[in-house]
Amino acid sequence: MDGLLPWIRRSGWVYGLVAVVLALVAWRWAGESGSGSGASAATGSVTSQARRPMTEAAPIVHVIGEVRHPGVYRIGGDARVLQAIRLAGGPTRKANLQGLNMAAVIGDGQQIIVPPKVATRATAAGGGAGGNSAAGTSGQVSLSSATAADLEALDGVGPALAQRIIDWRTAHGGFSSVDQLDEVSGIGPTRLDALRPHLTP
Amino acid sequence: MPLGGAHALARHVPLAMLAALVVGLALGPFGAPVATAAAGAVAMAVVGWMLARNAHSRAAVVALAVACLCAGTAWGAARVQATEVRPLTRWGHVQGTVVVDQWPSATRRAVRAQVIADGLWGSAAPAAGARLLLDLPSGTRPPEVGEVIQVSGTIGPAAQDRAPDWWFAWLRRKHIAARVKADGWTPVGTRGGAAGDRDALRRWAARNVAAGLSGDIAAIVRGMALGGGMGMSEDTSQRMRDAGLWHLLAVSGQNVAVVGIGMAALLGAAGASRRSRLVGMGLAMGAYCLACDGGASVARAGLMGGLALAADFGGAPRLRWHALLLALAVLLAWDPLSIDDPGLQLSFAAVCGLFVIAPPVGRWLRGWLPGPVADLVAQSTGAGLATAPVLASGFGNLSTVGLLANLIAVPVAGPVVVIALVGTVAHALWAPLGVLVALVAAIGAWIVLLVARVASSIPGAVVPMPAWAALPLSLVAGLPPTLWWWLRRVPGVTSPRGT
């Protein structure tokens, strides 16, 4: 018998037990997060959406505003804004549906705000379908569908720059945000700020 | 092996177990399979138990160490899986409320804050709880920590593809999912609950610690007392780094000890019992750590201080290496990604340097220098040598004037910390007294600032270092303890002055 044996018998089991408990908790924890129910609050929807395809679990949406039965609803995978509004009892008479993209796909945890008709343009633009759609306010040029001529009509945009914008759109599959114009050669922060009020994605 | 040697070995076995656990936790973020590591841990624990039953003690110890390593790996990997954030990759518009989680920093380009999404909505809006960077225009009044603010702006990736690797690593470590650019903010309220109480403590401490001071002097006083470089100009920040004095702005064990000793003295004067004093010290140290900037350094110092107090409370001996490794294990168990944090690496490297390098250097220097001066030089040398490899690999440069600058600044820094903390309490009792005490602390801060400016202006103050230089620098750092060990073991050989 050597000097280590007394230590093993006195304290060694503690370390073994700690190792086993840690391992089992980690195992269970990883299993839970792998199945999609263990996402921590800190990860947010960005993480949970990235880890869990929408088809794995039915998304939950919060429909508020001018609908008959505002509330939180579980909805089928790949559902659209239209279905969410129907689940909430449909729009009220006061609802302004022009600012909503009814075809937009819904993500888990999304809030859909149906604005009233009396809402200002800014409110409708911000609140539409949880922001899934641009408001499409009049006078604005849509980056996703504008022609070179449409773009050239904007102050500070010439034929070359308009073409570069269209080239960028073709290469990247479209614009999801006006801010992406920053990545087009020849458009700096100043010009982007000047153009922003006249553009929608 | 003689029985005494075996007993000595047995004393080191718990350290080996802790070290194995720490190594395992550090391996967790590298994508280890959780199930395999967990199964390995359980299997090796069973093997260790069987070996111990059959009196194969050494093999049992090895099996237990491997079990700890595997368990640490499983835990680390599972924790990373559960907490890691997938960054946002698209752009959109958001508006709503966020909670300011850390003190914002102001640069020439922007006011930047780490925030937590509270109630954001809009395209690509993250759910409540997601951590974000908030960029506000330069010149905007920064919000205070714990404030709930309303913002409206664009949200997008926090890093572009062309961003440097260290920026991606920082975002991953901080669990930041996206960046919000807003034109301004509107106060809505403050965070509630326990986190809100901590926010209130942080705001109180930050307001009182440098009352009546402004600019870089206020930032240095605040940083030395509470940690961090909040409010410091970019130029001064760079000069502090170049002069090797930035560590003075990290909360160290000295700060925590000052708070604990101060409370013990107060309670002792009031006639409190030993146990009451220990409890009071623990509460004061805990409150102080919560009021600080929350970096790795203060977490380490707080954990080690707490373990030392627990040992005192239970009548057990203080085992500094155990405390250091246990603190590291706790920090890594909470956030395994922090192994990549230069702040954590520097903090632990500095303590290792104080434990291993400073004592032999100090003994050697005492032959030439007065005791306090020798100790000061030894501590600066120990911490400097131990952190040099981390600086080379993490930051790509090394301060050549650090030792000299520290010799002047460190003796000043200790009193500044004490005076600033006294001033914090004094300001709460009677504001003019707090301002007066803070002015005294400002004298020390001014000296530190002067040293930083002079030292960083010396040609060659900072030498660029390739990452591979960490290896030879590690060997250099290991030289003093190795030499000392060799001098003690070789018969007839002593140190130059026979010490």
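**Two chains, questioned term by term**

Biologist: How much of chain B is buried, and what makes a residue count as that?

Modeller: Of its 499 residues, 48% count as buried. The label needs 20 or more other C-beta atoms within 10 Å of the residue's own, while 12 or fewer makes it exposed and anything in between partly exposed, with C-beta atoms placed from the backbone. One caution: this is a predicted model, where local features need pLDDT of at least 70 and side-chain atom pairs count only at pLDDT 80 or more, though totals for chains, interfaces and linings use all residues. Residues are numbered from 1 along each chain as its sequence is written, and chains are lettered from A and ligands numbered from 1 in the order in which they are written.

Biologist: And for chain A, what share is buried?

Modeller: Of the 201 residues in chain A, 36% count as buried.

Biologist: Why is chain B called as compact as a globular protein of its length?

Modeller: First, its make-up: chain B has 16 helices and 9 strands, where helices (H or I, at least four residues) and strands (E, at least two) are DSSP runs numbered from the N terminus. Its radius of gyration is 25 Å, close to the 23 Å from the globule rule for 499 residues, so chain B is as compact as a globular protein of that length. That radius is taken over C-alpha atoms, and the rule is 2.2 Å times the number of residues to the power 0.38. Along its principal axes, the C-alpha trace of chain B spans about 75 × 55 × 55 Å.

Biologist: What makes B:Pro370 exposed?

Modeller: B:Pro370 has 10 C-beta neighbours inside 10 Å, so it counts as exposed. Its place is the loop between α12 (342–365) and α13 (371–395) of chain B. Its C-alpha atom is separated by 65 Å from that of B:His93, 277 residues apart along the chain.

Biologist: Why does B:His175 count as partly exposed?

Modeller: Because B:His175 has 19 C-beta neighbours inside 10 Å, it falls in that class. B:His175 lies in the loop between α4 (165–173) and β6 (176–182) of chain B. It has a positive phi of about 60° although it is not a glycine. Most residues other than glycine have a negative phi.

Biologist: How do you know that α6 and α14 of chain B are roughly perpendicular?

Modeller: The axes of α6 (residues 215–226) and α14 (residues 402–429) of chain B come within 9 Å and cross at roughly 90°. That makes α6(B) roughly perpendicular to α14(B), as the term covers 65 to 115 degrees (under 35 is roughly parallel, over 145 roughly antiparallel, the rest oblique). The residues of this contact divide into 8 nonpolar, no polar and no charged.

Biologist: What makes β1 and β3 of chain B a pair?

Modeller: Strands pair if DSSP finds at least two bridges between them. β1 (residues 92–100) and β3 (residues 110–122) of chain B have 7, in the antiparallel sense; B:Gln95 has B:Trp121 in β3(B) as bridge partner.

Biologist: How do β2 and β4 of chain B join β3(B)?

Modeller: β2 (residues 105–106) pairs antiparallel with β3(B) over 2 bridges, and these two form a hairpin with 3 residues between them. β3(B) and β4 (residues 131–137) also run antiparallel, joined by 7 bridges. B:Val111 stands opposite B:Ala106 and also opposite B:Leu136 in β4(B).

Definitions and conventions:
Axes are lines fitted to C-alpha atoms, for helices over the stretch in contact, and angles run from 0 to 180 degrees between N-to-C directions. Ala, Val, Leu, Ile, Met, Phe, Trp, Tyr, Cys and Pro count as nonpolar, Asp, Glu, Lys and Arg as charged, and the others, Gly among them, as polar.
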